[in-house]
Amino acid sequence: MSADDRRAQIVAAARELFARSGFDATTTREIATAAGISDALIYRHFPDKQALLHAIVDDGITRFASMSPPPETEVPLDVLLIGLGSAFLAAIDEQRDLIRLLVSQRHLLGEDTRFVTFVDAAATNLGARIDHQYPGEPGRGYLLARGFMGSLIAFVILQHDLGLDAVHAVDADAYLRTLATTLVTGLA
């Protein structure tokens with residue numbers, strides 16, 4: 001196995017274990033066992049467990065950054081919101097483990113603001129589109145876009161990670177359509 005493939009294998013095993021058991025509770029021995037390697041091989045690729053955590057974040061941020069930007073063509077805002085929201089929901093749902101790690105290990109990640117920078121850039125772009133289609137108070141589009149994206153993140157965390165789906169399951173597409181329609185209706 002190439003060094004890059006081995007490194008990816010270790011990152012994948014650690015990501016799963018950190019998300020399931022927590023960073024502090026997971027040992028390098030457990031990571032090595034899950035990856036099918038020896039403990040020593042982990043240290044060939046990572047100086048310590050915290051470096052492994054940073055590699056997991058690197059991988060996750062790369063996945064978010066690969067999301068396609070919205071089309072430059074003029075489309076109705078509700079169509080744009082549903083398209084962007086659907087892609088964002090899928091990315092968040094696919095990476096719920098990363099979101100849990102970003103929250104639970106904030107103290108170890110220090111000044112790593114790449115995820116929130118991604119959300120801010122996406123809200124800035126979407127906000128500019130909202131302001132263009134619905135001129136109003138300066139900065140209103142950004143605030144609406146940020147609220148929209150925050151609602152999607154909260155939806156996934158509440159439904160799946162905190163167990164709201166066991167109490168009151170809600171279809172993600174229905175939630176997204178309602179959120180988009182409400183936002184556009186409020187602007188009109």
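Is F155 buried or exposed, and what is its relative accessible area? In this predicted model, F155 is buried, its relative accessible area being 7%. The ring of F155 is paired with that of Y175, and because the two ring centres lie 4.3 Å apart with their planes at 20°, the pair is classed as stacked, the limit for this class being an angle under 30 degrees. F155 belongs to helix 9, which covers residues 140–161, whereas Y175 belongs to helix 11, which covers residues 172–187; the pair therefore ties together parts that are 20 residues apart in sequence.

When residues up to four places away in sequence are left out of account, the contacts of Q159 are with L164, D165, H168, A169 and V170.

A further part of the model concerns helix 4 and helix 8. Helix 4, formed by residues 49–65, packs with helix 8, formed by residues 114–133, at an angle of about 15°, and the axes of the two helices are 10 Å apart. The two helices are therefore roughly parallel to each other, as this description applies to angles under 35 degrees. In passing helix 8, helix 4 makes a left-handed crossing. On the side of helix 4, the contact is made by H54, V57, D58, I61, F64 and A65, while helix 8 contributes R114, F115 and F118. By residue class, this contact of helix 4 with helix 8 comprises six nonpolar residues, one polar residue and two charged residues.

Aromatic pairing was also examined, and the count comes to six aromatic pairs. In one of these pairs, formed by F64 and F118, the ring centres are 5.6 Å apart and the planes stand at 45°, so the pair is tilted. Because F64 lies in helix 4 and F118 in helix 8, this pair ties together parts that are 54 residues apart in sequence.

Methods
Residues numbered from 1 in each chain as written. Predicted model: local features only at pLDDT ≥ 70, side-chain atom pairs only at ≥ 80, totals over all residues. Heavy atoms only, no water. Axes fitted to C-alpha atoms, helices over the stretch in contact; angles between N-to-C directions. Helix = DSSP H or I, 4+ residues; strand = E, 2+ residues; numbered from the N terminus. Parallel < 35°, antiparallel > 145°, perpendicular 65-115°, else oblique. Left-handed = near helix turned anticlockwise from the far one by under 90°. Contact = heavy atoms within 4.5 Å. Nonpolar A, V, L, I, M, F, W, Y, C, P; charged D, E, K, R; others polar. Phe/Tyr/Trp six-rings, centres within 6.5 Å; stacked < 30°, edge-to-face > 60°. Buried < 20%, exposed > 50% of the residue type's maximum accessible area, 1.4 Å probe, protein only.
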